[in-house]
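Please look over the sequence and the 3D structure shown below, and keep both at hand while reading the report.

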Amino acid sequence: MPQRPYIVGNWKMHGTRAMLSEARTIDRAAQRHMKVEVAIAPPYTLIHPVHREAEQIAVGAQDCHDQESGAYTGDISAAMIADAGGKFVILGHSERRDAHSEKDAKICAKADAALDAGLRIILCCGESEAVRDAGRAISHVKKQLNASLPDNIENAAERLTVAYEPIWAIGTGKTAGLDDIAEMHAEIRKLLVDRFGDETGPDIRILYGGSVKPENAGEILGLPEVGGALVGGASLTADSFMGIAMAAGDAVEA
Ligand code: PGA
């Protein structure tokens, strides 16, 4: 059964308690747009406060450690995120892969830990501009996904989301061409069907991310196999974020 479009805000390292009013506005607006599933991943410090405010939207984290607890200064476990009210975690974002040297095997271990703690996961993948220019975007993304996806995920259609984010489109104002997005999403779909079977594979949502904004959301979200968006910059104000959510709602109705 096709799921509702999933629009997830990745606040990155933005937001103090002053942003709680924005989260509240997003939550109230999401209550009026129930055909779209809306979620935000604020910085860790805001997970619990947003959870307390939110009646409709889910709150999640932008990363977690692969161990439950221990001597890991500055890290946070999936269980701690769940304890704070988090329902999901974004894993393998290119900014983590780049600035924290995260490799596929580590991301896979984090995914296992998050699932064990009862969180849903959003697993990110995407190619650099050099890889795309070399004509290796599809093989690169498939390799990344194959190596970072855990083997067995119970109820994967519900608990796993994949986010395709070409690195050169993140925060740059450039979006991938519609044909390229459609081609990549179709390839990811094939991989998910191979990995999770004909029953589950078609129902796992694949988000697009990279400079999504209200003006381009409709055409991107109307593409086959695009099940939602992972939104950075444009998720920081309720106006632009909910503009994207509304475009998603319109795209599924069209
Ligand atoms: P952007 O970020 O929307 O600001 O390009 C997307 C992301 O990094 O998830």
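How far is an oxygen atom of the ligand from a polar backbone atom of Gly232? The distance is 2.8 Å, which falls under the definition of a polar contact, a pair of N or O atoms within 3.5 Å.

## About the model

This is a predicted model, in which local features need pLDDT of at least 70 and side-chain atom pairs count only at pLDDT 80 or more, while totals for chains, interfaces and linings use all residues. Residues are numbered from 1 along each chain as its sequence is written, and side-chain values use heavy atoms, with hydrogens and water left out.

## Around the ligand

Of the 13 residues around the ligand, those that come nearest are Lys12, His93, Glu165, Gly171 and Ser211; a residue is counted here if one of its heavy atoms lies within 4 Å of the ligand. By class, this shell holds four nonpolar, seven polar and two charged residues, where Ala, Val, Leu, Ile, Met, Phe, Trp, Tyr, Cys and Pro count as nonpolar, Asp, Glu, Lys and Arg as charged, and the others, Gly among them, as polar.

Lys12 places a polar side-chain atom 2.7 Å from an oxygen atom of the ligand, and a backbone N or O atom of Gly233 lies 2.9 Å from an oxygen atom of the ligand. Of the 280 Å² of accessible area that the ligand has on its own, the protein covers 95%, as computed by the Shrake-Rupley method with a 1.4 Å probe.

## Cysteines

The count of disulfides (pairs of cysteine sulfur atoms within 2.5 Å) comes to zero. For Cys64, the nearest cysteine sulfur is that of Cys108, 12 Å away, and for Cys125 it is that of Cys124, 7.5 Å away.

Terms used
A polar contact is a pair of N or O atoms within 3.5 Å; within protein, one must be able to donate a hydrogen and the other to accept it, and residues adjacent in sequence count only if both atoms are side-chain atoms.
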